[in-house]
Amino acid sequence: MAEMVSVIVPVYNSEKYLDACVESLLNQVYTNFEVILVNDGSTDKSEEICDKWKKRDDRIRCISIMNGGPSNAKNAGIELAKGEYIVFCDSDDMVSASYLNDMMCNTEGMDLVVTGYNIQFVRTGEKIINLPQKEKKYTQDERIDAVNEMGNGGIINVDVGKRYKKSLLEENKITFDLRLPTGEDLKFNCEYISVCNSIMLIRKSSYEYFRRDIGSQVSSYKPNQWEISCKCLECVEKLSACISIEGKENMFLPAFYLDYLLVCINNLYRPECMLDRSEKKCEIKKVFKAARNKMDLLEAIPNKSYVQKIFIFFAKINSAELAWMSYSLLFWGRYKFENSYLKIRKKII
């Protein structure tokens, strides 16, 4: 008999999108699954929608908890799960009919199965397809190769498009960190990969992640972004130390350093950021100091974008004043001429 999969869906104020999400999950080719809808203290009609689906289909299970954030909701779902395997889906996203089958077909014995995901930009209509660079099974000694082949598109940063063993989560007491407002998926994945004996990468993408960019965690200013980036980098460093093997190239660690330092710069120029010139320059100096400490790794990254090259240049010359002026001009243009920026960005993507 096919093994059971528990699909955990944290739900918070998703009344506009929840029906489409649940319908896509119930339309799976793979049939032995349950869907656990965890209503995280929604204040709209999400709870009513969850109850409606529970009455309509016995594969749906629902619980309501006090609002505690997506990590808390996912942890609650894991505790309730009856399946041997855990899969996640966000309540405002959708999946194709093959979502579960892609991760369950010919993957027996694999501790972790990783597929891709599609990013749909709602405002502009463009689409990015993130896929592992290879399709292959990896042993415990080859985990560094598997992580390298996940690429720099953010696959390791998200919990969707992945199949986890519930027993492995329980045995190693791996849960989502409630202290992290963002980056909790990355930490979860790093801790899980560190205890895996086998990983399978599949070059298929059946998950549709919608970027609406309206008050989302990924697009809003975070006053503690530096601390968040440091914690995320600490997780990646721990994973690197755990799975690195002499003679095998580590390509993901330098990329993470660059990405998370750049996020700190971008964060300073979000429209909601109220820091003054002096405060922004202090933050820039802090980021540049960290970059210079890793400069050998950063410069060795192949195929850097122009944005990454600009950052490395400013960090090397260590001029917070010049960087502040240049970034202020760049981001002013980005927000002042947003429509033109989005058109150019769509062509590039």
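Leucine 37 touches Val9, Val11, Val22, Cys50, Ile60, Arg61, Cys62 and Ile63 when residues up to four places away in sequence are not counted; a contact here means heavy atoms within 4.5 Å. The model is a predicted one, in which local features need pLDDT of at least 70 and side-chain atom pairs count only at pLDDT 80 or more, while totals for chains, interfaces and linings use all residues. Residues are numbered from 1 along each chain as its sequence is written, and side-chain values use heavy atoms, with hydrogens and water left out.

Leucine 37 belongs to strand E2 (residues 33-40). Helices (H or I, at least four residues) and strands (E, at least two) are DSSP runs, numbered from the N terminus. With a relative accessible area of 0%, leucine 37 is buried; the class covers values under 20%, exposed means over 50%, and partly exposed lies in between (1.4 Å probe, protein chains only). Lysine 136 stands 99 residues from leucine 37 in sequence and 32 Å from it in space, C-alpha to C-alpha.

Within H3 (residues 70-80), the residues Ser71, Ala73, Lys74, Asn75, Ala76, Gly77 and Ile78 are buried.

Turning to charged pairs, the whole structure contains 19 salt bridges, each defined as a side-chain nitrogen of Lys or Arg within 4 Å of a carboxyl oxygen of Asp or Glu. One of them joins the side chains of aspartate 19 and lysine 52 at 2.8 Å, N to O. This pair links distant parts of the chain, with aspartate 19 in helix H1 (residues 18-26) and lysine 52 in helix H2 (residues 46-56), 33 residues apart. Both ends are partly exposed, aspartate 19 at 27% relative accessible area and lysine 52 at 31%.

Helix H6 holds a pair of its own: lysine 166 and glutamate 170 lie four residues apart, about one turn of the helix, and their closest N and O atoms are 3.6 Å apart in a salt bridge. An α-helix has 3.6 residues a turn, so residues three or four places apart point the same way. Lysine 166 is buried at 11%, whereas glutamate 170 is partly exposed at 49%.

A further salt bridge connects lysine 281 and glutamate 321, with 2.5 Å between the closest N and O atoms. Lysine 281 sits in helix H10 (residues 277-293) and glutamate 321 in helix H13 (residues 320-336), 40 residues apart. Finally, Asp177, Arg179, Lys187 and Glu191 are linked in a network of salt bridges.
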